[in-house]
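Welcome, and please have your viewer ready.

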Amino acid sequence: MSLDTRGIDPQRLLPQSLEDRLLGWLGRTGGFTLLAGIAVLWAALVSWSAADPSLTHATTAEPRNFLGPLGAILSDLLFQTLGFAAVVALLAPIVWAVDLLRNARLENSRSKIGFYPIAILTIAGALSSYPVVSSWPLNHGFGGALGDGLFELCARIFQILNEDRADLAAGLALNAAALTVAAKSIGLDYEEVVQVLQDQADLFASKERSQR
């Protein structure tokens with residue numbers, strides 16, 4: 001007596017349908033977990049206060065952060081190192097989480113995850129290129145310590161070409177790089193966006209001509 005194994009991959013532990021269902025469940029669970037983690041981190045960031053006790057500010061006052069002492073320390077550390085880039089950095093993971101919840105998988109995950117840390121750093125550098133308002137409570141710029149360091153490095157490079165406009169050139173270069181790399185980490189293709197807008201414009205123009 002023998003079993004008919006035709007159509008069955010001897011190296012596969014589970015049937016294809018069951019494996020696909022399991023991977024889909026894992027993908028959506030991962031998306032939900034990621035979204036929950038982002039919500040917790042967002043709560044810590046939006047309730048950040050420079051007056052809360054942290055690694056850079058010793059005080060006996062009770063933390064007002066939504067996550068308590070841990071949230072106060074974490075949010076202060078992120079703002080000190082990345083500035084507002086810590087908040088902007090949550091955008092890409094939100095898009096990833098939505099993709100996982102909808103499709104149970106993340107398209108081009110290696111490319112998106114690979115560009116992500118570069119996007120955070122360039123966004124921080126771009127934010128540091130803007131002048132700081134007097135109400136900003138930190139000693140660093142809007143991009144934190146890392147953003148300030150990257151901006152100063154780019155400015156020194158541009159000083160070789162033109163010392164008077166080095167800061168402006170560094171700011172423009174970092175802003176352009178931040179937009180480009182951030183789009184890569186999200187999975188946004190500028191060429192596709194331009195093509196869609198062009199198609200919509202052509203469609204609108206054709207409707208206008210037909211109505212005349």
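Start by selecting Leu 35, which sits in helix H1; helices here are DSSP runs of H or I with at least four residues, numbered from the N terminus. Leu 35 is partly exposed, at a relative accessible area of 31%; buried means under 20%, exposed over 50% and partly exposed in between, with a 1.4 Å probe and protein chains only. Before you move on, note that this is a predicted model, where local features need pLDDT of at least 70 and side-chain atom pairs count only at pLDDT 80 or more, while totals for chains, interfaces and linings use all residues. Residues are numbered from 1 along each chain as its sequence is written, and side-chain values use heavy atoms, leaving out hydrogens and water.

Which of them gives the most? H4 does, with 3 residues.

Follow H4 to its end and select the loop between helix H4 (91-103) and helix H5 (109-128), where you will find Ala 104. Its phi is near 65°, a positive value in a residue other than glycine. Asn 108 lies in the loop between H4 and H5 too, and has a positive phi near 50°. Are these residues buried or exposed? Ala 104 is buried, with a relative accessible area of 15%, whereas Asn 108 is exposed at 58%.

Next, go into helix H5 and pick Thr 122. Thr 122 is buried, with a relative accessible area of 10%. Show its contacts (heavy atoms within 4.5 Å): leaving aside residues up to four places away in sequence, Thr 122 touches Leu 150, Leu 174, Ala 177, Ala 178 and Val 181.

For the last stop, turn to the aromatic rings. The structure holds 6 aromatic pairs; rings of Phe, Tyr and Trp (its six-membered ring) pair if their centres lie within 6.5 Å, and planes under 30 degrees apart count as stacked, over 60 as edge-to-face and the rest as tilted. Select Phe 79 and Phe 84, an edge-to-face pair with 6.2 Å centre to centre and 85° between the planes. Phe 79 is buried at 4%, while Phe 84 is partly exposed at 37%. Finish by showing Trp 48, Phe 79, Phe 84, Trp 136 and Phe 142, which ring pairs link into a cluster.

Note on methods:
Helices (H or I, at least four residues) and strands (E, at least two) are DSSP runs, numbered from the N terminus.
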